[in-house]
Amino acid sequence: MEAPESLHALIGGHRSTALIYVAAKLRLADLLARKPASSHELAEQLQVNGDALHRILRGMVAVGLLREANGKFALTAIGECLRTDVAGSLYQYAILTGVEYAPAWAALLCSVQSRGVPFEKIFGMNVWEHRERNPELGRLFQQSLAEQTRSLARALLRIYDFSPAATIVDIGGGTGELLRCILERNPQAQGILLEQPQVLENVTNDSPNRFRAETGDFFQRIPADADIYLLKSILHDWDDARCCQILQCCREAMKQTSRLLVIERQNPQHATDDAATVLMDLHMMAVQGGRERTQAEFDELARSCGLVTVQARKIDKGFWLMEFAPWSAA
């Protein structure tokens, strides 16, 4: 493809995003998973404008979500990923992108012009407040994180030994997917999930004797004297000052033998080394005012809060495990 055509395709990326959002919002993948259907049949089921739907379905064929044969539309392998009943579903991510992420990215210029966080300029509030006012979006966000966490947890358990731990605290751990995976493999351990009350409303307690959910604010207080503290995809949400608040709370809660496990992406030296993390760094800037960091930046944050790096190991899919101990215990 020549340069002008390549650039033209990049500029038109918003069209694919919009089509994917419509497909997710209408749950077309769930409908077409049963059997192929015509646009007329789908319009009747959905009670929507038939002509507009037909044209949109053809657009979905053009971008690879659907295929068309004999007047019927069916899912492609890509379209299958929008089903709500499959492992690794991207349905939640598609909805969040259409409602929250795409508008924030469209205002990315605000960041360059030093006018604050783009999301906040568009919505008049931060992303956490927006999800608190729109609980369904908050629920979809937690589901999306849980989908991502399952495969990452398996990779983490292959490289880190949790068997010495009697108590593990998952700080801001969403619905507790990571903690559950660890407890399943470590029957000696008790788990505490620290989260906001609106998140805990969606938590199910599968192991009542070994898993408990606790309402709290990780900027204020963290349960004390656990053996292991988990921070997965938390620090990249925040600027350095707020990260220091979280890490200081962790340090205050830790005993001398405690360990803090931080699971995050690491910004590469060159953008081409890990394009996904570079784009995630921009996503954090656009949506939450946070950032991805290098190992050196994590080390410096930890050092300023009385923590020292024990080890850093790559887990999977761009994520790293960084283990920290209290400075005096190193």
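Biologist: What should I know about the model before we start?

Modeller: It is predicted, so local features need pLDDT of at least 70 and side-chain atom pairs count only at pLDDT 80 or more, while totals for chains, interfaces and linings use all residues. Residues are numbered from 1 along each chain as its sequence is written, and side-chain values use heavy atoms, with hydrogens and water left out.

Biologist: Why is helix α2 called oblique to α7?

Modeller: The axes of α2 (residues 13-25) and α7 (residues 91-106) come within 9 Å and cross at roughly 125 degrees. Angles under 35 degrees count as roughly parallel, over 145 as roughly antiparallel, 65 to 115 as roughly perpendicular and the rest as oblique. That makes α2 oblique to α7.

Biologist: Which residues make the contact?

Modeller: With contact meaning heavy atoms within 4.5 Å, α2 brings Thr17, Ile20, Tyr21, Ala24 and Lys25, and α7 has Tyr91, Ala94, Ile95, Thr97, Gly98, Val99 and Ala102.

Biologist: What makes strand β4 largely enclosed?

Modeller: Buried means under 20% relative accessible area, with a 1.4 Å probe and protein chains only. Five of the six residues of β4 (residues 190-195) are buried, so the rest of the structure largely encloses it.

Biologist: How do you know that β3 and β4 pair?

Modeller: Pairing takes at least two DSSP bridges between two strands. Strand β3 (residues 167-171) and β4 have five, in the parallel sense; in one of them, Val169 is partnered by Ile192 of β4.

Biologist: And what makes helix α12 mostly covered?

Modeller: Seven of the nine residues of α12 (residues 177-185) are buried, among them Leu178 and Cys181.

Terms used:
Axes fitted to C-alpha atoms, helices over the stretch in contact; angles between N-to-C directions. Helix = DSSP H or I, 4+ residues; strand = E, 2+ residues; numbered from the N terminus. Buried < 20%, exposed > 50% of the residue type's maximum accessible area, 1.4 Å probe, protein only.
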